[in-house]
Amino acid sequence: MRVHQLLPTFLPGDATGQSALHFGLLLRRLGLHGQIYAGEVAPQLRALASPASELRPQAEDLVLYHHGIASGLSSRLLHLPCRRGVIFHNISPYPTYRGTALAGALLGGRAQLAAMAPHVQLAIGVSDFNSRELKAAGYSNVHTVPLFVEEARFTREQLSAARLRRLQGPPTLLAVSRVMPHKRFEDVLRLHSEHRRRVPDARLWIVGGYEPGSAYFRGLERQARALGGVEFWGKVSFAQLVAAYRSASVFVSMSEHEGFGVPLLEAMAAQLPVLAFAAAAVPETLGGSGIGFTEKRYNVLAELVVELCQDAGLRQRVLEGQRRRLQELSPEVALQRLRTALAPLLPTVPARKRPAKKTRPRVAMVVQRYGELSGGAELLARMVAQRMAPHWQLTVLTTCARDHLSWKNEFPEGEQREGGVRVLRFPTRRTRELASFNSFSRRLYGHPNERAAEERWLAEQGPDSPGLLEHLADAQDQYDGYVFFTYLYQPTALGLPLVADRSIVVPTAHDEAPFNFEVFRDVHERPRVLFCSTPEEEALIQRRFVNHARTRIVGAGVEFPDADAERFRARHGVQGPYLFYVGRLEPGKGIDQLLEHHQTLTRRYADAPQLVLAGASGMTLHGARVRYLGRIEEQDKHDAIAGALGVVVPSRYESLSLLALEAFAQGTPVLANGASEVLVGQLERSGGGVTYLDTDSFIQGVRLLGEQRQALGARGLKFARLHTWERVVQAYREELERIVERGR
Amino acid sequence: MKLLGKEINGEALLEKIETRLRQAGELPQPGPGRAPDGVEPPVDPISFNLAALEEHADPTRPLPLATHRGGVGRAVLLAKWAFRRSCQVFINETLGRQRLFNGHTRDAYAQLSAEVLRLRAEVAQLRSEQAPRVAPAAADKRTPKQR
């Protein structure tokens with residue numbers, strides 16, 4: 001069974017679109033999969049929603065239609081050959097717009113609301129106020145599922161100090177909404193006028209889209225000019241919105257009609273006192289928090305604003321009440337309400353067959369790519385899969401992609417066996433346009449972002465494989481437990497919530513920009529356990545996600561394959577001392593800096609060691625005494641490591657360096673990027689190498705390797721001998737057994 | 001006027017502010033009536049759609065000359081008015097067949113919706129007539145086999 005959502009428009013900054021993404025988040029947490037369809041989809045959001053014309057539900061599916069003003073999709077809903085539901089966001093009051101073109105759409109929306117009533121199996125109001133309207137319009141089976149905000153997106157810490165400094169100033173009122181007559185911005189201006197009489201330099205910021213040519217807006221603009229201190233911000237980025245909430249003194253709403261009032265919650269999340277006219281659903285949304293008022297007596301309200309700005313005790317009490325209200329309207333509360341609403345419509349799932357004590361548990365391992373390919377997390381997944389196969393009935397769920405940059409389908413779709421492991425491959429839906437993706441990523445890094453932006457990033461990051469997610473949702477009775485590899489990709493970020501309570505996640509997290517995206521919160525908070533690779537990774541996760549799942553340091557085991565350095569030298573014609581790196585050759589892995597440091601070393605010292613590079617290359621590799629070997633065989637790799645003066649690990653983004661462990665296993669020391677906490681930790685614990693931060697320390701490190709290669713290598717080898725695969729296998733078995741026991 | 005909020009003493013806070021205003025020689029301003037909190041009345045879809053079809057069946061009729069824009073918006077209204085005055089005869093000719101079609105659509109909807117209303121009433125009546133037959137007392141008279 002799929003639960004799809006249908007809405008008239010899916011546009012940036014659109015409140016209905018945001019609520020559809022929030023409902024999508026809740027549905028995933030309920031283990032349900034589905035897509036968003038819209039009558040109009042903004043081109044930049046096509047990764048998140050499909051045109052409504054492509055909606056082809058099956059009879060057992062449920063389509064939830066988000067209803068507001070009149071839309072042709074309402075009629076389409078009545079004829080969809082599936083089960084149907086309505087999510088009602090309310091409709092602005094018709095009398096305010098009598099005589100305008102909008103009036104017909106408002107009244108038509110109400111007529112459509114009543115027309116759909118006999119034809120749907122479920123009606124959801126986003127407030128009790130809306131639910132009362134649904135009942136009045138003839139709906140039965142009405143449930144309230146309140147909207148929510150993601151509090152962590154409104155923290156001050158994510159904003160740049162420069163941005164906040166620019167907004168500092170005198171007491172400021174903030175109103176956030178699209179500039180429409182029923183929002184009564186003329187009343188906001190009257191309050192500002194009274195406030196200015198008391199505080200002459202007071203400011204008013206009005207944040208929200210407006211029509212510059214409309215008579216209503218021009219009237220407001222004239223009044224604002226006369227009053228002074230008013231700024232119309234228009235539509236702003238999410239970071240600007242958060243900065244406005246975080247820099248203003250009091251949030252004010254004079255609206256005569258709100259079906260819920262999301263900005264009230266946003267202000268609460270940003271710890272801004274709320275002062276709101278108690279109309280329609282506003283008292284319900286406030287729930288006794290903030291300050292509501294029943295009459296617009298502007299001089300009284302202006303005095304109240306002054307009180308809120310000057311009386312620290314009053315302000316603190318109001319903020320505490322707002323924090324309480326946010327808890328009452330948390331995503332968890334919405335989840336419980338939605339679970340109750342959907343319960344009668346969900347299929348009766350036959351109880352999952354519990355594995356008998358002596359049978360091997362059925363486990364799905366989810367990883368973005370699988371096979372003989374480069375990539376540390378994928379290699380770790382493969383090594384774990386091969387070692388767990390004797391203990392579990394293991395199925396690897398992965399994509400047909402080989403290349404993580406394009407996600408082009410290269411492996412055949414369907415079931416194969418690889419090295420004794422059952423592998424199910426699903427095709428990807430789109431390839432990645434790297435240049436536009438990188439440009440979009442840069443716009444998101446380092447700022448607070450709205451969910452739509454981060455989910456779009458996730459869709460473009462990929463690999464976008466709907467078949468894999470559908471399998472996870474549909475085949476839940478086929479597996480006793482799940483192991484997800486790497487937090488960073490779509491199969492984990494969207495797949496984990498579907499089966500979180502039976503999952504182990506191996507996040508392989510490191511301190512990189514996307515790690516701060518809120519869209520990865522579920523991955524770190526909802527699984528049964530997080531398997532960290534190092535104490536540094538564990539500490540990073542604990543700092544970032546206060547409510548993280550239980551953590552356990554597991555990492556990888558070390559093997560000690562036979563290696564022959566001379567065989568490597570003979571095969572590739574390598575003579576003299578050399579530094580060696582094998583892995584993905586990309587700027588993101590620090591290869592460009594490594595080449596720079598090595599070229600400086602070569603210019604300064606005639607006897608500088610060669611730099612031998614191997615692996616898949618995504619960049620130009622050239623320079624004096626640089627050798628690029630392309631992809632090499634596994635045995636060739638160990639031979640190369642055994643003969644190297646040192647193995648270089650130049651990446652600053654590491655959760656565990658498998659290459660360093662492989663070097664230790666051959667008694668070869670490591671020269672690693674000291675900007676990576678993980679590498680520093682690995683080398684401090686092992687004593688098997690040295691770190692560098694710049695060219696001078698790189699050269700110093702090479703010199704040290706030359707002088708102390710044997711001693712450093714011996715310490716690394718001793719450390720490696722402590723890290724056995726038996727210990728790793730035991731950890732996976734124990735945690736999976738806990739999951740199975742819980743299900744028995 | 002009331003101030004609402006669990007964390008404040010609304011009455012005391014209001015009293016404090018009003019006292020301060022009086023001391024400053026300023027009377028608390030009267031506000032409009034209480035905030036509207038009732039739900040909007042539902043709109044019957046059949047009568048709404050019938051009225052809308054009647055209202056808009058004739059495409060040769062001009063839309064009301066109104067705009068929510070100021071400035072240039074007024075000039076556009078004047079241009080529309082001039083266009084209507086000078087070209088109405090061509091508009092009639094161009095949209096003549098559409099007007100006939102819309103009329104048929106309106107009539108068809110009116111007849112079908114009247115039939116829906118009649119059938120709904122008939123179903124309601126049949127249900128009310130049937131109701132006593134499944135009353136518990138009547139059911140008890142059935143033989144075990146019938147049950």
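Two strands pair if DSSP finds at least two bridges between them. Keep that in mind for what follows. This is a predicted model.

Let's start in chain A, with a sheet. Eight strands of chain A form an open sheet, and its pairing is mixed. The order runs β16-β17-β15-β14-β18-β19-β20-β21. Which strands are at the edges? They are β16, residues 414–418, and β21, residues 550–553, both of chain A. Each of these edge strands pairs on one side only. On average, neighbouring strands in this sheet are turned by 25° against each other, direction ignored.

Now zoom in on one pair. Strand β14 of chain A covers residues 362–366, and strand β15 of chain A covers residues 393–399. How many bridges join β14 to β15? Five, and the two strands run parallel. Take one example: A:A364 has A:T395 in β15(A) as its bridge partner.

The largest nonpolar core has 229 residues. Three of them touch the most other members: A:L174, A:M365 and A:F580. Helix α11 of chain A, residues 298–310, gives this core its largest share, nine residues. Leaving out residues up to four places away in sequence, A:M365 touches A:A381, A:A385, A:L394, A:V396, A:L397 and A:V483.

On to chain B. Chain B has four helices and one strand. Along the sequence, the pattern is β-α-α-α-α. Buried residues make up 6% of the 147 residues of chain B. Now take the contacts in chain B with a separation of 6 or more. Of these, 56% come from residues 24 or more positions apart.

How do the two chains meet? In chain B, 37 residues are in contact with 46 residues of chain A. Which elements of chain B give two or more residues to that side? They are β1 (3–4), α1 (10–23), α2 (45–56) and α3 (72–130) of chain B. The largest share, four residues, comes from α1(B). By class, the side of chain B that touches chain A has 18 nonpolar, eight polar and eleven charged residues.

Strand β13 of chain A, residues 291–293, is joined to β1(B) by two bridges. Those strands run antiparallel. There, A:F293 stands opposite B:L3 in β1(B).

Note on methods
Residues are numbered from 1 along each chain as its sequence is written. Chains are lettered from A and ligands numbered from 1 in the order in which they are written. This is a predicted model: local features need pLDDT of at least 70, side-chain atom pairs count only at pLDDT 80 or more; totals for chains, interfaces and linings use all residues. Axes are lines fitted to C-alpha atoms, for helices over the stretch in contact, and angles run from 0 to 180 degrees between N-to-C directions. Two residues are in contact if their C-beta atoms, placed from the backbone, lie within 7 Å. Ala, Val, Leu, Ile, Met, Phe, Trp, Tyr, Cys and Pro count as nonpolar, Asp, Glu, Lys and Arg as charged, and the others, Gly among them, as polar. A residue is buried if 20 or more other C-beta atoms lie within 10 Å of its own, exposed if 12 or fewer, and partly exposed in between; C-beta atoms are placed from the backbone. A nonpolar core is a set of buried Ala, Val, Leu, Ile, Met, Phe, Trp, Tyr and Cys residues joined through C-beta atoms within 7 Å.
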